[in-house]
Amino acid sequence: MSHVQTIKQFVLDEFLPDVSGGDLTTDYDLVATGVIDSLGLLKLIAWLEERFELPIDDIELDPDSFRTIDAIDAFILRAEPATAG
Amino acid sequence: MRMGGIRCEHHSRSIVLENCLGVVVQHYSSNIVTRFLTQVRRRRNEPALVWRHADVSYGALHRRACAAQRWLRSLGLPEGAPVAVRASKTPETIALILALLADGRPFLLPPAGLAEETLAALLDKAGCATVLAPEPGQFGPEHDDFGDEDGELRVSARPESIGFMLTTSGSTGLPKIVPLTAEGTGHFVDWAAARFNIGPQRTVLNYAPLNFDLCLFDIWATLSAGGRVVLVETDNATRAAYLYDLLERHEVHVVQAVPMLFTLLAEGKRPLPSVTHAIATGDALTKRGLAQLAELLPNARLYNLYGCTETNDSFLHKIDPAADHTPLPIGRPICGVEALLVDPGGEVLVGPGIGELYVHTPFQTPGYTDAALNTPAFGPHPTYANDLRYFRSGDLVRRTADGTLTLEGRADFHVKVRGVRVNTQAVELALLELDEVAGAVVFALPDQVAGNALHAVIHRRDPESLHSLAVRAHCARRLSRAAVPTAIQLTDEPLPTTSTGKPDRARIKQTYLEGQR
């Protein structure tokens, strides 16, 4: 199941309060454009852990996994089966 | 040669102008006015100025200066009290300045368009109780018909007398007042005239308003050397057709101006063959500007001249239009100039790298009128290797392995973000590339994690024409990762500006950042 809308809402609320949802595409590079900096990345990961109950400590973190909303969504999908397994 | 020093155009250690270019420096006490009077004696009927297409001879200008000196005397001003001259560029104003220089009376030339409050504060700082504003025609030409044998302008100025008080185009608040001595400006006009072949039968354009230091070159060096100055009327300074006609009609030989003038002249789409020397100064020539220059002025030697109001001109680069590319090098120190690059640790930079430019020139100011501003702006050699007084230019200069020097930007705009060196002005320039951006200012604010965090305040042309995502995407394409602003604030209000039209950083910060925090 896709979590794109949930992730988008989090990014907008947390990092882009001035931007409306329609302007943020799911392939927008959040890292290169400085929307998510190193501190932001920590915030995002903490939120993913809590919201999706992901055991992130066990997963290797690659900044590319958080570059776009699509990438974050794919990261969750990859991580979720790991919780089941 | 000292380690780390930058070699001068012609000599490595020459402080004495006589050594350079075979210039014969006149007697110690000679200054702009005594040089001018020598020209008056030699060429009374030759043109000194061209004003609205009419010649004003050296004799006529001298008579007006004598009339101005008599008028000054009639005012009963206290001995040595500074005055302000608030008048547009006319032969009368030039005559009045000659009279003030002869009297050795300091005079402030305030920038045009200052708010009344700022002007009042500036006059107060300069100690000017009197503001002089001569009427057009006040010292002539009706005076031309008599008083010819009245004798000469009486010169009581001494070498150390302050004449011009110019102002810096500061980016914040009140401009700083830069007083210049008779001796310093005398040295400068000798250099300029000799270096650019300014003298009898030579015509020089004056583009800058009278309160700009550029006038020391085009008006005052020319009048000191016996040449002819073609005055651009300030009100017409942006009219391309007027400017082109002025240069063509009066067969101007020497043009020194900001790059904007050359861009305006290039609109004529025809070359100006009379120009033999063209000097771009005060701003960086763009790639397009450089290409235009060579086409516009096919017979001219082209130069890039670097200087500050505090030191006057200090570096010169002869442009090779076929080989040079932008950013142009600033070149080599001109005669008598000593320069150093100093790294952030205060060490003199010897090899390649970036350092703040420290300059000592024979033309420099003894210091700002407001003595509190003089430290740390002026100071000794960082390792006391000599006893010269250096001006910390605040400009960062890069030296490449082959010794070429180029301007990097202002030292006060360089910050570190996550350990990476970022120039906030470069970020501003990148933001201004966006068509929707009408104005942009970038601040570095202390940040616990990053060291500094960049905050951009952007005035967009139309509401809703731009959102921060588009700005960020553009920055990511144009800038290093660390230079992408952390916070972007968009506004539909024009950003406040200073009296000289630059963004008023203090007010913008107060309005947009401090209100927010």
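In this predicted model, 13 residues of chain B are in contact with 13 residues of chain A, contact meaning that C-beta atoms placed from the backbone lie within 7 Å. Helix α12 (residues 468-478) of chain B supplies the largest share of the chain B side, six residues; helices (H or I, at least four residues) and strands (E, at least two) are DSSP runs numbered from the N terminus.

Residues are numbered from 1 along each chain as its sequence is written, and chains are lettered from A in the order in which they are written. Local features need pLDDT of at least 70 and side-chain atom pairs count only at pLDDT 80 or more, while totals for chains, interfaces and linings use all residues.

Turning to chain B as a whole, it has 13 helices and 24 strands. The C-alpha trace of chain B spans about 75 × 55 × 50 Å along its principal axes.

Strand β23 (residues 451-460) of chain B runs parallel to β24(B), and five bridges join the two. In β24(B), B:Thr491 is the bridge partner of B:His459.

Conventions
Two residues are in contact if their C-beta atoms, placed from the backbone, lie within 7 Å. Two strands pair if DSSP finds at least two bridges between them.
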